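Welcome, and thanks for opening the viewer. Let's walk through a few selections together, one stop at a time.

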Amino acid sequence: VSGQLKVAPEHISDAVLKYMGKPENSVYRRFVQSYQKMNEKIGRKQFLVPYLMSSHPGSTLKEAVELAEFLRDFGYMPEQVQDFYPTPSTLSTCMYYTEMDPLTMEPVYVAKTMEEKKMQRALIHFHKRENSRIVAAALKKAGREDLIPILSSHK
């Protein structure tokens with residue numbers, strides 16, 4: 001018997017997760033390990049389907065590349081990605097507009113150009129052929145040309 005469980009880690013960078021109000025990535029990794037062990041124990045083949053977000057306040061190209069590497073290493077090839085868009089009455093929206101963390105008053109990086117938003121999204125979908133060019137451009141901009149043959153060559 002097989003199935004899937006949708007979970008919402010949303011990102012893997014601890015810095016971005018902090019701005020999202022989520023626990024560190026190590027919590028998600030422990031959950032994945034527990035889930036896999038439980039499935040082995042009961043003899044079921046079930047899969048996790050992570051819900052991910054691009055361009056959340058705090059996410060630079062560096063964190064987007066981290067997420068792409070995580071997806072590559074774990075063999076995840078998400079079909080759906082949520083781009084961050086401000087919604088009323090949230091801390092994330094406050095960060096988006098003010099470029100500051102309202103809890104600490106520290107500056108927060110916010111990707112606002114369509115070019116960078118597309119790059120962050122494409123990095124999550126690095127496995128799609130149509131994203132090869134933009135993934136390569138994002139990796140160059142992030143100073144990670146070493147990953148171009150690895151992340152932009154998936155066909």
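**Stop one: the aromatic cluster**

Select Tyr 28, Phe 70, Phe 74 and Tyr 76, which form one aromatic cluster. This is a predicted model, in which local features need pLDDT of at least 70, side-chain atom pairs count only at pLDDT 80 or more, and totals for chains, interfaces and linings use all residues. Residues are numbered from 1 along each chain as its sequence is written, and side-chain values use heavy atoms, with hydrogens and water left out.

Across the whole structure, a search finds seven aromatic pairs (rings of Phe, Tyr and Trp, the last by its six-membered ring, pair if their centres lie within 6.5 Å; planes under 30 degrees apart count as stacked, over 60 as edge-to-face and the rest as tilted). Keep Tyr 28 and Phe 70 on screen: this pair is tilted, with 6.4 Å centre to centre and 55 degrees between the planes. The pair links distant parts of the chain, since Tyr 28 sits in helix 2 (residues 25-42) and Phe 70 in helix 3, 42 residues apart. Helices here (H or I, at least four residues) are DSSP runs, numbered from the N terminus.

**Stop two: helix 3 against helix 5**

Now select residues 61-74, helix 3, and residues 114-124, helix 5: they pack at an angle of about 15 degrees, with their axes 8 Å apart. That makes helix 3 roughly parallel to helix 5 (angles under 35 degrees count as roughly parallel, over 145 as roughly antiparallel, 65 to 115 as roughly perpendicular and the rest as oblique). Show side chains to see the contact (heavy atoms within 4.5 Å), whose residues include Leu 61, Ala 64 and Leu 71 of helix 3 and Met 119 and Leu 123 of helix 5.

**Stop three: helix 5 against helix 6**

Among the contact residues are Met 119 and Leu 123 of helix 5, and Ile 134 and Leu 139 of helix 6.

**Last stop: Ala 15**

Finish at Ala 15, in helix 1 (residues 14-20). At 37% relative accessibility, Ala 15 counts as partly exposed.

Conventions. Axes are lines fitted to C-alpha atoms, for helices over the stretch in contact, and angles run from 0 to 180 degrees between N-to-C directions. Helices (H or I, at least four residues) and strands (E, at least two) are DSSP runs, numbered from the N terminus. Buried means under 20% relative accessible area, exposed over 50%, partly exposed in between (1.4 Å probe, protein chains only).
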